[in-house]
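This report describes a single protein model, for a reader who has not seen it before.

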Amino acid sequence: MTDFLVEKSESIPPNYISLTIKPINGSLPPILPGQFVEVKVPDTAKTFLRRPISIHDVDSDKQTITLLIRVVGNGTKQLSLLQEGDKINVVFPLGNGFDLSRVGKRPLLIGGGVGVAPLLYLGRCLKQQNVEVDFLFGVRSKNDLLRYDVYSSVGRVNITTEDGSMGKQGFVTDHDFLSLQNIGKFTSLLVCGPTPMMKAVGNLAKKANIPCFVSLENKMACGIGVCLCCVTDTNEGHKCVCSDGPIFDINDLKWE
């Protein structure tokens, strides 16, 4: 457990915040893209459990972590009230992260909703290894697109919107990148978002025989594999998403 100071809290419409934090003492340990933190929600009697939140970005020079948080309940609402100079307690880094040695030279990073959050730091790490970075994001409308300019500074950003207000109309699986003609141009698919979306992308990857790695978002409590509330069924039996994941090869998952 580490105490952090809030360096910056930024509201991002329609209902998100970007929270940049820095450890009060010491320096950041090595952090893998796809890992997450467990944040203790301050000053509330209604929220007892820590909140698992993906690591959105890391700045090693400034020794900061940025979290992208969707405000949906009492816990995240309380986090949205944090201001510069406030203190929070964080358990980190948790989970296994993406194995960059398995993604090849042209991965496609696919995100839906707040599932785009861990893909920014993932993109940065890939870019540092001279890997070509393409993002594919699916949102309801252009008003739901998060931090487009920031992602664009890391790689090419491709968009699908359900209402057709930006990019290609439809879901991410409707994008030309995932067509039978084009999907083979990518060496792997790295995915985070709603489970139905990840399953749909995983099915396309299997048909094309392309490696596909997904970041599961099961409900978590402890973050260290003790409470067993986040288990998922795999070919090797039940595994905890928090400690054995959250990143899994789709071929290891018992997905229909």
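In this predicted model, Leu-126 is in contact with Leu-100, Val-103, Pro-107, Leu-109, Val-131, Val-133 and Leu-190, when neighbours within four places in sequence are left aside. Leu-126 is also one of the residues with the most contacts inside the largest nonpolar core, along with Ile-21, Ile-65, Phe-135 and Phe-137. That core has 49 residues. Helix 2 (residues 119–128) provides the largest share of the core, six residues. Another core lies apart from this one and has 29 residues, including Ile-110, Met-220, Val-241 and Ile-250.

| Pocket | Volume | Lining residues by class | Element giving the most lining residues |
|---|---|---|---|
| Largest pocket | about 1,400 Å³ | 22 nonpolar, 18 polar, eight charged | strand 4, four residues |
| Second largest pocket | about 470 Å³ | five nonpolar, six polar, nine charged | helix 2, five residues |

The largest pocket is lined by 48 residues, and the closest to its centre are Arg-70, Gly-113, Val-114, Gly-115 and Glu-217. At least two lining residues come from each of strand 4 (51–59), strand 5 (64–70), helix 1 (74–80), strand 8 and helix 4 (195–208).

For the second largest pocket, the lining consists of 20 residues. Asp-57, Val-58, Asp-59, Thr-66 and Arg-124 lie nearest the centre of this pocket. Strand 1 (2–12), strand 2 (16–23), strand 4, strand 5 and helix 2 each give two or more residues to the lining of the second largest pocket.

Asn-143 is found in the loop that lies between strand 8 (134–139) and helix 3 (148–152). Is Asn-143 buried or exposed? Asn-143 counts as exposed because its relative accessibility is 58%, and the cut-off for exposed is over 50%. Not counting residues up to four places away in sequence, Asn-143 touches Pro-13 and Pro-14. From Asn-143 to Met-166 the C-alpha to C-alpha distance is 9.3 Å, and the two are 23 residues apart in sequence.

Notes. Residues are numbered from 1 along each chain as its sequence is written. This is a predicted model: local features need pLDDT of at least 70, side-chain atom pairs count only at pLDDT 80 or more; totals for chains, interfaces and linings use all residues. Side-chain values use heavy atoms; hydrogens and water are left out. A nonpolar core is a set of buried Ala, Val, Leu, Ile, Met, Phe, Trp, Tyr and Cys residues joined through side-chain atoms within 4.5 Å. Buried means under 20% relative accessible area, exposed over 50%, partly exposed in between (1.4 Å probe, protein chains only). Contact means heavy atoms within 4.5 Å. On a 1 Å grid over the protein atoms alone, a cavity is a set of points where a 1.4 Å probe fits but cannot get out, and a pocket is an open set with protein on both sides within 12 Å along at least five of seven lines; lining residues have an atom within 4 Å of a point. Grid points are joined across faces, edges and corners, and a volume is the space filled by probe spheres set on the points. Ala, Val, Leu, Ile, Met, Phe, Trp, Tyr, Cys and Pro count as nonpolar, Asp, Glu, Lys and Arg as charged, and the others, Gly among them, as polar.
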